[in-house]
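This report describes the fold of one protein chain and then the surroundings of selected elements and residues. The sequence and the model are shown first.

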Amino acid sequence: MRPRIPRAFARSSSSSAPSIPGKIDPNAIAPGTSFAACGKEPAPAPQPEPTTDVTYPVTVKDMAGREVTIEKQPERIVSGYYISSSACIALDLTDKMVGIEDKSAKRPIYKLAAPALIDLPNVGSAKAFDLEACIATEPDLVILPMKQKDTAQTLQEMGIATLLVLPESHEQLI
């Protein structure tokens with residue numbers, strides 16, 4: 001069954017009055033069609049288009065309240081916690097990830113959404129982060145859980161932008 005589409009800008013064969021091109025033919029409007037401007041409630045304000053343009057360097061505040069300057073668009077990302085890794089997957093950043101937390105092979109999200117991540121170098125866990133393995137991946141951005149404040153400080157001192165997150169849920173992280 002073909003959907004019924006109102007022909008508001010076309011000639012109506014049921015109308016005895018001639019149609020004027022470019023004008024709405026009131027007989028062609030489908031019953032039940034509503035127009036926001038006709039009701040008592042104002043039409044919702046248009047939402048601004050989201051922008052993805054970022055000018056680097058950019059300074060952001062991480063979840064620990066630290067100001068972190070990211071000098072250029074990250075091309076090599078290490079995620080030391082599965083929830084931040086999940087956020088990277090959701091943001092379509094898997095092609096930029098170069099290191100991932102321990103036990104990635106056991107997490108269904110990787111098998112289902114980003115199986116290539118399972119083969120990335122293991123940088124340890126939230127409890128036991130492997131600083132040497134992380135540095136070996138030559139990251140320009142590292143995302144760590146709040147438990148790794150000392151590691152984040154060490155990486156920052158080495159010139160590697162590091163964000164601390166407290167991702168107990170996706171909602172908190174994003």
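Helices (H or I, at least four residues) and strands (E, at least two) are DSSP runs, numbered from the N terminus. Just after helix H4, Gly159 adopts a positive phi of about 90°. The model is predicted, so that local features need pLDDT of at least 70 and side-chain atom pairs count only at pLDDT 80 or more, while totals for chains, interfaces and linings use all residues. Residues are numbered from 1 along each chain as its sequence is written, and side-chain values use heavy atoms, with hydrogens and water left out.

**Overall fold**

The protein chain contains 5 helices and 6 strands, arranged along the sequence as β-β-β-α-β-α-α-β-α-β-α. Of its 174 residues, 34% are buried; buried denotes under 20% relative accessible area, exposed over 50%, and partly exposed the range in between (1.4 Å probe, protein chains only). A contact requires heavy atoms within 4.5 Å. Among contacts between residues at least 6 apart in sequence, 34% join residues at least 24 apart.

Four strands form an open sheet in the order E4-E3-E5-E6, with parallel pairing. Strand E4 (97–100) and strand E6 are its edges, each pairing on one side only. On average, neighbouring strands of the sheet are turned by 20° against each other, direction ignored. Two strands pair if DSSP finds at least two bridges between them; strand E3 (residues 77–79) and E5 run parallel and are joined by 3 bridges. Within this pairing, Ser79 stands opposite Ile143 in E5.

H4 packs on the sheet, touching E5 and E6, and its direction makes about 165° with that of E6. Axes are lines fitted to C-alpha atoms, for helices over the stretch in contact, and angles run from 0 to 180 degrees between N-to-C directions. In H4 (residues 149–157), the buried residues are Thr151, Ala152 and Leu155. These residues lie on the same side of H4 because they cover an arc of only 100° around the axis, the arc being that of the directions from the helix axis to the C-beta atoms. Asp150 and Glu157 are exposed on the other side of H4. The packing partners of the buried residues are helix H3 (131–136), strand E5 (141–145) and strand E6 (161–165).

Asp140 is located in the loop between H3 and E5 and counts as buried because its relative accessibility is 17%. Its side chain has the following partners.

| Partner of the Asp140 side chain | Distance |
|---|---|
| Lys72, side chain | 2.9 Å |

Leaving aside neighbours within four places in sequence, the contacts of Asp140 include Gln73, Pro74, Ile160 and Ala161.

Ile100 belongs to strand E4 and is buried, with a relative accessible area of 0%. Not counting residues up to four places away in sequence, Ile100 touches Ser79, Tyr110 and Leu117, among others. Ile100 and Ser125 are 25 residues apart in sequence and 8.9 Å apart in space, C-alpha to C-alpha.

Definitions and conventions
A polar contact is a pair of N or O atoms within 3.5 Å; within protein, one must be able to donate a hydrogen and the other to accept it, and residues adjacent in sequence count only if both atoms are side-chain atoms.
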